[in-house]
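Have the viewer open as you read.

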2 protein chains.
Amino acid sequence: MRAAIIAIGNELTSGLSTETNSRYLIEQSKYIGVNVDLIAIIGDTITSITHALDHIESEVNLVFITGGLGPTHDDITKEAIVQYFDSPLKFNDDAFRQIKTLFDSKGLSLSDLNKQQAMIPNKAIVIPNLIGTAQGMKFEKDGRLFFFMPGVPVEMKKMFRDFIRHDINKLINQKISFEIIHTTGLPESEIFSKISHWIDSHPELTVSLLPRFPAVDIALSLNSNDNEHTPLSSYINEVRAILGNVIYGFGSETLESVIAEILTAQRLTIATAESCTGGLIAHRLTNVPGSSNYFMQGAVCYSNQSKMDILGVKENTLRKYGAVSPETALEMANGIRKNANTDIGLSTTGIAGPSGGLPQKPVGTVYVGLSMNQTDEVFHFLYRWDRASNKTYFSQMALNQLRLALKRK
Amino acid sequence: MRAAIIAIGNELTSGLSTETNSRYLIEQSKYIGVNVDLIAIIGDTITSITHALDHIESEVNLVFITGGLGPTHDDITKEAIVQYFDSPLKFNDDAFRQIKTLFDSKGLSLSDLNKQQAMIPNKAIVIPNLIGTAQGMKFEKDGRLFFFMPGVPVEMKKMFRDFIRHDINKLINQKISFEIIHTTGLPESEIFSKISHWIDSHPELTVSLLPRFPAVDIALSLNSNDNEHTPLSSYINEVRAILGNVIYGFGSETLESVIAEILTAQRLTIATAESCTGGLIAHRLTNVPGSSNYFMQGAVCYSNQSKMDILGVKENTLRKYGAVSPETALEMANGIRKNANTDIGLSTTGIAGPSGGLPQKPVGTVYVGLSMNQTDEVFHFLYRWDRASNKTYFSQMALNQLRLALKRK
């Protein structure tokens, strides 16, 4: 089944607040095998609402409409409903009972404004709102189902979860399997050229590439009914076979959380020495709950002086090779590892820009130093973008090299 | 003028990623007096794209389309363009030169996929993409302007800012004055109650409150044609008079950039000692170009041992008051300031969660230590949310206290 979402509210088109209900509706729809084709965000005007309802693609069988059901003057969704469904307002006993029950439960008395909320278009099937006064409504027109819900997220979600989802579930009985594969280190175009043949050979599978700088996600979804024999897991294994180590995780995993798992499993501790990433690597590592178990210490050493004082980088190294050099990166990694007495020392030194570039070391140059038992490694990357993106990319490459080194162990 | 935004991408309708470009476009449109009537989010199918283009309300004169211009199989916006504008693909020299220049600057060689990006519908006016391979395109049809932009936010924003905005500006002689005021430290509701009377007293002014955790922006826009006598600046001064120090900046300023200006002007240097913020403060300070002039050193000290070794926090202090205490925060700030030999030491110690909370020190507790000439201050904040939000909030409060202290000097 295919659905359209129409989110109504001047605050949404004016940028005053961001539309968030659609994301929930899309997720919930997935579980019952409903795909969303369109999300239309419009203001509180009858013409925009009726225009949106009038121009939904013919393939769409379900329409979820949120917002504009409140009691205030700019909530005019009901008026649009009256016009579109040719269904005049009528006092609705069920709706009134629902509202009264809610108020009684809170020990409140009904205002006239609240009573008005019981005026419902006469063709509507009322969907109870257990936590608010704006009742939901269901309509059928031209073999298409319309579900009107309040815009307040908690009310919309409860209404969808408790009533609408089951209602739709009865109509369809489909199971969808879905997974996201996270990759990093290759641009979208390279990922695509590696798996495009494989994608073409599996028309039964829906594959999307999602560039999420500095990573590229691959989304796989499969209608399990159409495809009884091959489970999604075997498709995932095929992608694994093609991309190998470029894949760092799945689903809700992050590069940091994957590293956290390995460090915890191997009982390893880490310390960081950052120059050009300015603390971003420490920040990312400590975003993981429980990181205090393996992350001991981080140093952000911008000045040469601090590289010498804190990390024990030799003055001679800085003079001979410069602060941005493989030699300095390694001494930084070794220095922090020794100071913090950890199993691993990870360092970055480079040029985030916009200024400070040199002919042989342009903006975007970074050296990553990794110091581990029996292994001292330096990695070099070049990525020319704005300062913020460079820092993000540098931190990603450093963490990714750490991940790969841990996997090699 | 009135605009519609069409955001194209399977990842947007499938809920894999949230559509964010429209918010930027809505805000930018305000600057040039353009109101957005509709945001349509659709998948990468030719029918949905042409359907969306075919059914835009007649009042709309501008259409901003983002996404689907990439080189991969599901990027089919160009095919839809070919159909909708009856404009076949043709190798475009300008586009190719643009792409080649970009790759040369990165020292990369063009793949066939990249070259394909130079195939452009022949009726298009190419809008250069200075940082990506997907070029923008401008079309005119039935007296309506269509601007196609890449979906990657950094590319879309740069393209809109550098080219499209000016292009539209030329069409509209209506002069709109617009400013964004950045505040932090108070929730939206408090900001609103402080300025609501003032808002009501100025119906000629459009005021929007934009909660942008951990800040609240206030957008003021004024149609200068309607209002020759009062310039926007005098309205801004009135808001200043009401909110005072809660305002930290305007327009493109960030909390970090404002602090950078003050530190540079006063020739002050700073070092940071972070526990619960895990390097985020150093990261934010070093996001500002040229920060190496005042940011000397940062320490991320998670373990008690590192707090003692690196920052010289007394074992007795940790035992007596705990790692999360005003006393420890101050010793951290003083310690890093002494080690780094800077004018300012800024520290954080707290509980980001989700675990580690105590009855008298719940998750969300943070102490900020600030050590400056003749002033040692500690600030306490409590904010209970998820780990990531807590870290963001903690860093914001620390930087804001630094800003306020610098202004007091």
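Start at A:T13, which sits in helix α1 (residues 10–13) of chain A; helices here are DSSP runs of H or I with at least four residues, strands are E runs of at least two, and both are numbered from the N terminus. A quick word on ground rules: this is a predicted model, where local features need pLDDT of at least 70, side-chain atom pairs count only at pLDDT 80 or more, and totals for chains, interfaces and linings use all residues. Residues are numbered from 1 along each chain as its sequence is written, chains are lettered from A and ligands numbered from 1 in the order in which they are written, and side-chain values use heavy atoms, with hydrogens and water left out.

Back to A:T13: is it buried or exposed? It's buried, at a relative accessible area of 7% (buried is under 20%, exposed over 50%, partly exposed in between, using a 1.4 Å probe and protein chains only). Leaving aside neighbours within four places in sequence, A:T13 is in contact with residues of both chains, including A:I41, A:I42, B:V36 and B:I39; contact means heavy atoms within 4.5 Å. A polar atom of the A:T13 side chain also lies 3.2 Å from the backbone oxygen of A:N10.

Next, move along chain A to helix α8 (residues 188–200), whose 13 residues reach 17 Å from first C-alpha to last, close to the 18 Å expected at 1.5 Å a residue (that's 1.5 Å times one less than the number of residues). This helix bends by about 45° at A:K194, the bend being the angle between axes fitted to the seven residues ending there and the seven starting there. Among the buried residues of α8(A) are A:I191, A:F192, A:I195 and A:I199. What covers the buried residues of α8(A) includes β9, β10, β11 and α9 of chain A, together with α6 (112–116) of chain B.

Now hop to chain B, where B:F139 lies in strand β7 (residues 136–141). B:F139 is buried, with a relative accessible area of 3%. B:F85 is 54 residues from B:F139 in sequence, yet their C-alphas are 8.1 Å apart. The two are in contact, and B:F139 also touches B:I81, B:F146 and B:F148, among others.

Finally, zoom out: chain A spans about 85 × 50 × 40 Å along the principal axes of its C-alpha trace, and buried residues make up 59% of its 409 residues.

Notes. Polar contact = N/O pair within 3.5 Å; in protein donor to acceptor, adjacent residues only side chain to side chain.
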